[in-house]
Amino acid sequence: MAVVDLTMDFIGERFQPDIERSEKFLQSGKTAYTGVVYKITHDGMSGTYIDFPGHIAETDNGIYADNCPLEKVYRVPASVIHLDHRSGDGAVSAAELETAFGGKVSTEALIINALGSNANAGEIELRSVYLDDSAVDWIIASNCKLLVSDIYESEALHGVFLKLFGAGIITVCLPVNLWKLTAPQVQLTALFARMPQVTQLPCRLVAEF
């Protein structure tokens, strides 16, 4: 079995965590040692991150990082679609997704690797490749409830996330290594801290096949 880590490091000045490290000496009659303690402050969009529908207030469905059922994010069967777009290619349509996949998607999760292996920082202009309305409708019609994609919205902000969240779809943004998924279907896991009422936070993303 292959296991692929799809998680991006924290990058960029805005998303670097502020980490305070402290030490506390502990001693008893039997032992003594120094504990290392961390206080960490970071942005919800640091590295690879998960968005629950409540990331948009109007589509909040009550599922958060602390109460999301494990079966929604742990070893979920996921179909994989590979494209090979370059910077500035523009809209990706439903027809293109369906042709690349070879039919309709029927799994609980979907992975869209629209940028092939071209998605390194600096190679793709942000939001210059994006899902058009037909692609979003196609994804929703598949009844998938977990979407991992290296493209989403355009610069025009035409409502990709509003529609996906309105359909109850959880999204994962800024994944890496999607091109390494050589099987048409994988088991997908997103791991994150159980933070109460939080709708967006960094996650560890792993695929098995």
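1. S79 stands opposite L110 in strand β7. Strand β5 (residues 76-82) and strand β7 (residues 109-113) pair in the parallel sense over five bridges; two strands count as paired if DSSP finds at least two bridges between them. Helix α1 (residues 94-101) packs on the sheet and touches β5 and β7, its direction making about 105° with that of β5. Contact here means heavy atoms within 4.5 Å. Axes are lines fitted to C-alpha atoms, for helices over the stretch in contact, with angles from 0 to 180 degrees between N-to-C directions.

2. This is a predicted model, in which local features need pLDDT of at least 70, side-chain atom pairs count only at pLDDT 80 or more, and totals for chains, interfaces and linings use all residues. Residues are numbered from 1 along each chain as its sequence is written, and side-chain values use heavy atoms, with hydrogens and water left out.

3. The open sheet has nine strands in the order β1-β13-β11-β5-β7-β9-β10-β4-β12, and the pairing is mixed. β1 (3-5) and β12 (200-202) stand at the edges with a single partner strand each, so one side of each has no neighbour in the sheet. From one strand to the next, the twist averages 25°.

4. In total the protein chain has three helices and 13 strands, taken as DSSP runs (helices H or I, at least four residues; strands E, at least two) and numbered from the N terminus.

5. Of the 209 residues of the protein chain, 45% count as buried, that is, under 20% relative accessible area with a 1.4 Å probe, protein chains only.

Methods
Buried < 20%, exposed > 50% of the residue type's maximum accessible area, 1.4 Å probe, protein only.
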